[in-house]
Amino acid sequence: MTGADRRKDMVRRIRESARPVPGAALAACYQVSRQVIVQDIALLRAAGLDVISTNRGYILNEPVAASRVLRVCHTDEQLEEELCTVVDLGGCVKNVIVHHRIYGELEAELNIRSRRDVKNFLEDLRSGKSSPLKNITSNYHDHLIVADSEETLDLIEDALEEKKMLVRDDS
């Protein structure tokens, strides 16, 4: 793993952790010295990330985001439109979840934040690597959407409803 890859993964680990991540734990994880971790943190700060050192470990000082699980249903042909709708309005599609009658709940991480991410995701699908999970549940699936505010999530929800992709559980 290169230093850049390690730093990228460190950011992901710190961001996803519910607690501060100790430097010693990071050093053990990447099999490097604690000093290498300190240097990596300095490079991340120089790159503009607000990494805070606490007595319990590292945390990222990022804006608090709002999140919402939205149930949607659409065809393969509408996949790009759905994802672009979310990212164009300022959302991030964190994952996809399907509820299979036999296998139960299946979840895959996506982290689609931009049109470039959408393009890369669609290219992976078109290359034949896999097919969308929604295809095993008659196109019904959920997404955890993260945005900067509840208002942004409302805009995303309204746009998906207008496109007739949003599924309301009004029962």
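Is Asp76 buried, exposed or partly exposed? Asp76 is partly exposed, with a relative accessible area of 40%, where buried means under 20% relative accessible area, exposed over 50%, and partly exposed in between (1.4 Å probe, protein chains only). The structure is a predicted model, in which local features need pLDDT of at least 70 and side-chain atom pairs count only at pLDDT 80 or more, while totals for chains, interfaces and linings use all residues. Residues are numbered from 1 along each chain as its sequence is written, and side-chain values use heavy atoms, with hydrogens and water left out.

Asp76 pairs with Lys134, and their closest N and O atoms are 2.6 Å apart. Lys134 sits in the loop between helix 5 (115-126) and strand 6, and Asp76 in the loop between strand 3 and helix 4, so the pair ties together parts that are 58 residues apart in sequence. Helices (H or I, at least four residues) and strands (E, at least two) are DSSP runs, numbered from the N terminus.

Through shared partners, salt bridges join Arg68, Glu150, Asp154, Glu157, Glu161 and Arg168 into one network.

The expected span of a helix is 1.5 Å times one less than its number of residues. For the 13 residues of helix 6 (residues 150-162) this gives 18 Å, which agrees with the 18 Å between its end C-alpha atoms. Its buried residues are Thr152, Leu153, Ile156, Glu157, Ala159 and Leu160. They cover an arc of only 165° around the axis, which puts them on the same side of helix 6; the arc is that of the directions from the helix axis to the C-beta atoms. Exposed Glu151 and Glu162 are on the other side of helix 6. Strand 3 (66-73), helix 4 (79-88) and strand 6 (140-147) are among what covers the buried residues, with contact meaning heavy atoms within 4.5 Å. Lys164, which follows helix 6, has a positive phi near 60°.

Helix 5 can be read in the same manner. Val118, Leu122 and Leu125 are the buried residues of helix 5. Their arc of only 55° around the axis puts them on the same side of helix 5. An α-helix has 3.6 residues a turn, so residues three or four places apart point the same way. The cover over the buried residues of helix 5 includes helix 4 and strand 5. Just after helix 5, Gly128 takes a positive phi of about 90°.

A nonpolar core is a set of buried Ala, Val, Leu, Ile, Met, Phe, Trp, Tyr and Cys residues joined through side-chain atoms within 4.5 Å. The largest such core has 22 residues, and those with the most contacts inside it are Val93, Ile112, Val118, Ile145 and Leu160. Strand 3, helix 4, strand 4 (92-100), strand 5 (104-112), helix 5, strand 6 and helix 6 each give two or more residues to this core. Helix 4 provides the largest share, five residues. A second, separate core of 13 residues includes Met10, Ile37, Ile41 and Leu44.

Finally, the structure holds zero disulfides, a disulfide being a pair of cysteine sulfur atoms within 2.5 Å. The sulfur of Cys73 is 19 Å from the closest cysteine sulfur, in Cys84, too far for a bond. Cys73 is found in strand 3, and its C-alpha atom is separated by 5.2 Å from that of Met165, 92 residues apart along the chain.

Conventions
Salt bridge = Lys/Arg side-chain N within 4 Å of Asp/Glu carboxyl O.
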